[in-house]
Amino acid sequence: MRAVYDRRRRAIVAALSDLPGVVCPEPDGAFYVFPSFAGVLGHPVGAHGRSPTTTLELAEIVLDEAKVAFVPGEAFGAPGCARFSYALADDDLAEGMARLAKFFN
């Protein structure tokens, strides 16, 4: 299982790091990543071009348009960041990251 989670960790970090305005540090030993979306906030995103000012607003827009859920950083006292779990099947992770790439690009 260690190899499986390592593969998922590397995949999600790479996918999120490829999104414009997103910085995703690689975690050392967790089942989630905590990227910064500071470079996204205040800019138009998605099909409707809404401009979220918080990751709470961004989470609502992403869930509505891309059908991907994440926990806004405000819940952890870290505005501008978001928490994504990678404790899910490889196919589901790939699908979610593909939806995010389509949403942000």
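Predicted model: local features only at pLDDT ≥ 70, side-chain atom pairs only at ≥ 80, totals over all residues.
Two strands count as paired if DSSP finds at least two bridges between them.

**Sheet.** Three strands form an open sheet in the order S1-S3-S2, with antiparallel pairing. Its edge strands are S1 (32-33) and S2 (71-72), and each pairs on one side only. S2 and S3 (residues 82-85) pair in the antiparallel sense over two bridges. Within S3, alanine 82 is the bridge partner of proline 72. Strands of a sheet pair through backbone hydrogen bonds, either parallel or antiparallel.

**Overall fold.** The chain has three helices and three strands. Read along the sequence, they follow the pattern α-β-α-β-β-α. The radius of gyration is 13 Å, which agrees with the value near 13 Å for a compact globule of 105 residues. Among contacts between residues at least 6 apart in sequence, 47% join residues at least 24 apart.

Some values for the chain follow.

| Property | Value |
|---|---|
| C-alpha box along the principal axes | roughly 40 × 25 × 20 Å |
| Buried residues | 36% of the 105 residues |
| Distance between mean positions of the 10 positive and 13 negative charges | 5 Å |

**Arginine 9.** This residue lies in helix H1 (residues 2-17). Is arginine 9 buried or exposed? Its relative accessible area is 14%. Buried means under 20%, so arginine 9 counts as buried. Leaving out residues up to four places away in sequence, arginine 9 touches Glu26, Pro27 and Tyr86.

Key. Residues numbered from 1 in each chain as written. Heavy atoms only, no water. Helix = DSSP H or I, 4+ residues; strand = E, 2+ residues; numbered from the N terminus. Buried < 20%, exposed > 50% of the residue type's maximum accessible area, 1.4 Å probe, protein only. Contact = heavy atoms within 4.5 Å. Rg over C-alpha atoms; globule rule 2.2 N^0.38 Å. Lys, Arg positive; Asp, Glu negative; His and termini not counted. Charge placed at Lys NZ, Arg CZ, Asp CG, Glu CD.
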